[in-house]
Amino acid sequence: KPLVVLDLGGGSTDAAVRGIDDKTDATHLAGAGDLVNKLIDAELGLDNLELAEEVKRCPLGKAESFFHVRLENGAVKFFDKPLPSTTYARVVALGEDSMNPIPTRHSLERIRNVRRTAKERVFVVNALRALRAVAPAGDLRRIGFVVLLGGCALDFEIPEMIADALAPYGIVAGTGNVRGTEGPRNAVASGLVASYAARVAADHKPNESAAVRIMNEGVAAGA
């Protein structure tokens, strides 16, 4: 301790801290994944927010032939079957099971720079602002650990970018795993349910479990 949870969502960046004395504090800042999409869309002139989301989430490559793609890190990936003709000589966003061509004349390097710059301007800047807002006396060096949560914590480069920005302050950052099973998602929902279940358990009827009490109250509310 102090331990900070940083929740990187679609619309906001939220931080909560638990201090050495177990006191908590939190802050809420506008700007996260959706803003990055809009920046990418505007910079590249895509006029397509869904494609901008793909550019944000996926590594890039360029189809140099019908059987191989050069990845943004310089590696080459070969394919047994010919690639779709729409991808030839195009920069593509490489999803887990898809390869979407990006309809722009910008080079792979330019698209990559736009993507990373947008993430730095939104996620890294907002992360530092949020952490300073909850840090003891606003001093980042007094924070020991940061746990990254939210959908954007699953991104292939955002956690590393934030970790690099926090390293000079001696802060250890890593991606959380909610309840040991859910990964970095569902943190807020899990916390609300756990908090309510604990409150119900504190004043439940004799021989009535918290789960039964929650179910009964839900049925009554629905009626």
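In the predicted model, Ile-40 is in contact (heavy atoms within 4.5 Å) with Leu-46, Ala-52, Val-55, Lys-56, Val-114, Arg-115 and Ala-118, neighbours within four places in sequence being left aside. Ile-40 is also listed, together with Leu-6 and Val-146, among the residues with the most contacts inside the largest nonpolar core, a set of 41 residues. A nonpolar core is here a set of buried Ala, Val, Leu, Ile, Met, Phe, Trp, Tyr and Cys residues joined through side-chain atoms within 4.5 Å, where buried means under 20% relative accessible area, exposed over 50%, and partly exposed in between, as computed with a 1.4 Å probe on protein chains only. At least two residues of this core come from each of β1 (3–8), β2 (12–18), α1, α2, α3, β9 and α4 (158–166), and α3 gives the most, with 12 residues. In soluble globular proteins, nonpolar side chains tend to be buried together.

The model is a prediction in which local features need pLDDT of at least 70 and side-chain atom pairs count only at pLDDT 80 or more, whereas totals for chains, interfaces and linings use all residues. Residues are numbered from 1 along each chain as its sequence is written, and side-chain values use heavy atoms, with hydrogens and water left out.

The protein chain contains 6 helices and 10 strands, these being DSSP runs (H or I of at least four residues for helices, E of at least two for strands) numbered from the N terminus. Helix α2 (residues 49–57) has Leu-51, Ala-52, Glu-54, Val-55 and Lys-56 as its buried residues, and these pack against α1 (33–44), β7, β8 (99–101) and α3 (108–134). The N-terminal end of α2 is capped by Asn-48, a side-chain oxygen of which lies 3.1 Å from the backbone nitrogen of Glu-50.

Leu-149, in strand β9 (residues 145–149), counts as buried at 10% relative accessibility. When residues up to four places away in sequence are not counted, Leu-149 touches Val-5, Leu-6, Asp-7, Leu-8, Gly-176, Val-178, Pro-184 and Ala-187. Leu-149 and Val-178 are separated by 29 residues in sequence, with their C-alpha atoms 8.3 Å apart in space.

Rings of Phe, Tyr and Trp (its six-membered ring) were paired if their centres lie within 6.5 Å, with planes under 30 degrees apart counted as stacked, over 60 as edge-to-face and the rest as tilted; the count comes to 1 aromatic pair. The ring centres of Phe-66 and Tyr-88 are 4.9 Å apart and the planes stand at 20 degrees, so the pair is stacked. Because Phe-66 lies in the loop between β4 (60–63) and β5 (68–71) and Tyr-88 in the loop between β6 (76–78) and β7 (91–94), the pair ties together parts that are 22 residues apart in sequence. Phe-66 is partly exposed, with a relative accessible area of 35%, and Tyr-88 is likewise partly exposed, at 42%.

A search of the whole structure for disulfides (cysteine sulfur atoms within 2.5 Å) finds 0. Cys-58 is in no disulfide, the nearest cysteine sulfur being that of Cys-152, 13 Å away. Cys-58 is buried, with a relative accessible area of 4%, and Cys-152 is buried at 11%.

Over the protein chain, 36% of the 223 residues count as buried. Among contacts between residues at least 6 apart in sequence, 51% join residues at least 24 apart.

Terms used: Polar contact = N/O pair within 3.5 Å; in protein donor to acceptor, adjacent residues only side chain to side chain.
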